Each structure stands twice: as structure tokens, then as C-alpha cells.
Amino acid sequence: MEDSKHATFDYLLRLGDAPLVLGQRLSEWCGKGPALEEDIALTNVALDLIGQARMWLSRAGEVEGAGRTEDQLAYLRDAHQFRNPLLAEQPNGSYADTLARQFLFDTWHYYLLDALRQSSDAAIAAIADKAVKEVAYHARRSADLVVRLGDGTAESHCRMQDAIDRLWMYTGELFDADTVDAGLIAAGVACDPATLREPWHRQVAEVLEEATLTMPADGWMQRGGHAGRHTEHLGFLLAEMQFLQRAYPGATW
């Protein structure tokens with residue numbers, strides 16, 4: 001029973017850390033977007049993701065039973081305690097880099113949440129059912145922008161292709177399962193991430209073809225996010241995100 005509790009807590013951290021870290025990344029564009037409409041739209045996507053993170057982390061705190069709130073889980077854990085995929089923490093780079101990262105993440109995120117609507121854990125199923133509606137829009141939006149840039153000017157096409165090529169090595173771990181997943185999959189709490197690969201791959205291929213972009217060949221993949229092994233970028237992101245709470249412990253608005 002205790003092992004199942006720990007596994008569920010860790011799984012909820014994974015579900016919450018992914019949108020939290022990506023939402024923080026996207027917030028860095030606030031006021032700096034290439035056009036006013038894009039600035040507002042991307043900021044709204046960031047807010048959606050952070051709202052989803054709040055639900056997952058709040059539930060994680062309840063399952064843990066140690067009295068930690070969503071804020072404490074977000075602001076008082078160190079980098080090695082975060083369980084987000086490495087893709088989410090990659091720097092914004094150019095707008096093509098940001099959109100490529102968003103497209104690859106959104107497509108996976110949609111299929112993950114859609115599958116979790118059938119979770120045997122009522123709380124997980126309810127959160128997934130609510131979040132998937134927002135993520136369906138995120139996935140349509142990012143796919144449309146990838147097509148617009150990929151099939152746009154020579155410059156936008158080149159930048160988008162470079163971004164897809166550079167980020168591809170971070171997609172492999174999205175479909176990996178480990179010992180945390182195994183028991184939860186058997187209990188119907190979690191979905192098997194391997195089952196998401198085929199629909200994700202098919203959707204990504206369709207969008208890249210329409211965008212006149214070449215899908216990279218699967219090769220060596222970077223892994224470690226779910227085990228707390230992150231790139232150097234996460235530490236800098238957390239230093240900014242967590243500064244106020246670390247500098248003034250217990251501060252409230």
C-alpha cells in the first residue's frame with residue numbers, strides 16, 4: 001500500500017512538473033512576442049499549463065500526506081527532485097525553437113491526457129478530462145504555426161527545420177516506462193507511455209509533411225528527466241521561478 005502511494009505521488013509529480021516547467025518557460029516570452037496577438041496567445045497557453053500544474057501538484061500533496069501544498073512542491077524542491085521531461089526545460093531560443101518545442105510537447109501531452117481520462121484513479125481521470133480540453137487547443141495552435149513557418153519563407157523554413165532537428169533527441173523519453181509506471185499501469189492508474197508513440201508519431205509526421213519539413217530519423221535519445229537527471233537549463237529556470245520564496249521563506253501575498 002505504501003509503495004503504491006509513493007508511486008502515485010511520483011507519477012503526479014511527473015504530470016505536474018511537465019506543464020509547470022514549460023509554463024514557466026513560455027512566460028519568459030511575455031511582452032516579447034513577435035506580434036501582439038502571438039504575445040497574448042502564448043501567455044494564455046502558459047497560464048493554462050500553470051493552472052494544470054496546480055491541479056496535479058495539489059493532488060500530489062494530498063496523496064503524499066505530509067502537509068505540503070502545491071506552492072511548496074513548486075518552489076521548495078531542488079532541480080534533482082523535479083520529474084519533468086527534458087524537452088520542457090529546453091531554452092526558448094528563437095520563436096521557431098519555441099514553437100517546435102511546443103508542437104512536439106503538445107502532441108504528446110494531448111494523447112497522454114486523453115488516455116488518462118480512463119484512469120482508475122478518479123482524481124487523475126477528472127483532472128485529465130478538464131485539462132485535455134485546453135491541450136487540444138494548444139496542439140491545434142502549435143501545429144498550425146509549425147505549418148505556417150515551415151511552409152513560409154526560406155528563412156522561416158530553415159529555422160523550423162533546425163529547431164525540429166535539434167529538439168528531436170528529447171522526444172524519446174516521452175514514451176519510456178520505468179518501475180514507477182509499471183505498477184500503476186497494471187492497476188489502471190497510469191497509461192502505458194509506449195502506447196502513445198504510434199499516434200504521436202503519425203500526427204507529427206502529418207504536420208511536418210504539410211509544413212514541407214523533414215522528420216528526423218530516430219537515433220540516440222537523451223533521457224533522465226523522470227529520474228531527476230536534468231540539463232543545466234533547469235537550474236537557471238528554477239533559480240528565477242523560486243527566487244521570491246527562497247529569499248523570503250513563507251512569504252504570502
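In helix α6 (residues 122–150), D144 and R148 are four residues apart and are therefore separated by about one helical turn, and their side chains meet in a salt bridge with an N to O distance of 3.7 Å. The model is a predicted one, in which local features need pLDDT of at least 70 and side-chain atom pairs count only at pLDDT 80 or more, while totals for chains, interfaces and linings use all residues. Residues are numbered from 1 along each chain as its sequence is written, and side-chain values use heavy atoms, with hydrogens and water left out. Helices (H or I, at least four residues) and strands (E, at least two) are DSSP runs, numbered from the N terminus.

**Salt bridges**

- A salt bridge here is a side-chain nitrogen of Lys or Arg within 4 Å of a carboxyl oxygen of Asp or Glu, and by this rule the count comes to 19 salt bridges.
- R159 forms a salt bridge with E155, the closest N and O atoms being 2.7 Å apart, and both residues lie in helix α7 (residues 154–167), four residues apart, about one turn of the helix.
- Within that pair, R159 is partly exposed with a relative accessible area of 43%, and E155 is partly exposed as well, at 47%.
- The side chains of E70 and R54 meet in a salt bridge of 2.4 Å, N to O.
- Because E70 lies in helix α3 (residues 70–75) and R54 in helix α2 (residues 36–64), this pair ties together parts that are 16 residues apart in sequence, and E70 counts as buried at 19% relative accessibility.

- D10, R14, R83, D178 and D181 are linked in a network of salt bridges.
- H226, found in the loop between α9 and α10 (232–241), counts as buried at 19% relative accessibility.
- Leaving aside neighbours within four places in sequence, H226 is in contact (heavy atoms within 4.5 Å) with R14, R83, N84, E173 and D178.

- D151, E206, E209 and E210 gather in a patch of negative charge on the surface.
- Such patches are made of residues with over 30% relative accessible area and no salt bridge, like charges being joined within 9 Å and nonpolar side chains (Val, Leu, Ile, Met, Phe, Trp, Tyr) within 5 Å.
- Lys and Arg count as positive and Asp and Glu as negative, while His and the chain ends are not counted; the place of a charge is taken as NZ of Lys, CZ of Arg, CG of Asp or CD of Glu.
- E210, one of the patch residues, is found in helix α9 (residues 197–210) and is exposed, with a relative accessible area of 53%.

**Backbone at T212**

- T212, in the loop between α9 and α10, has a positive phi of about 60° although it is not a glycine.
- Most residues other than glycine have a negative phi.
- T212 is partly exposed, with a relative accessible area of 41%.

**Surroundings of Y110**

- Y110 has its place in helix α5 (residues 95–116) and is partly exposed, with a relative accessible area of 26%.
- Apart from its neighbours within four places in sequence, Y110 is in contact with V132, V135 and A136.
- Y110 and D129 are 19 residues apart in sequence and 11 Å apart in space, C-alpha to C-alpha.

Note on methods. Accessible areas come from the Shrake-Rupley method with a 1.4 Å probe; for residues, only the protein chains shown count as cover. Buried means under 20% relative accessible area, exposed over 50%, partly exposed in between (1.4 Å probe, protein chains only).
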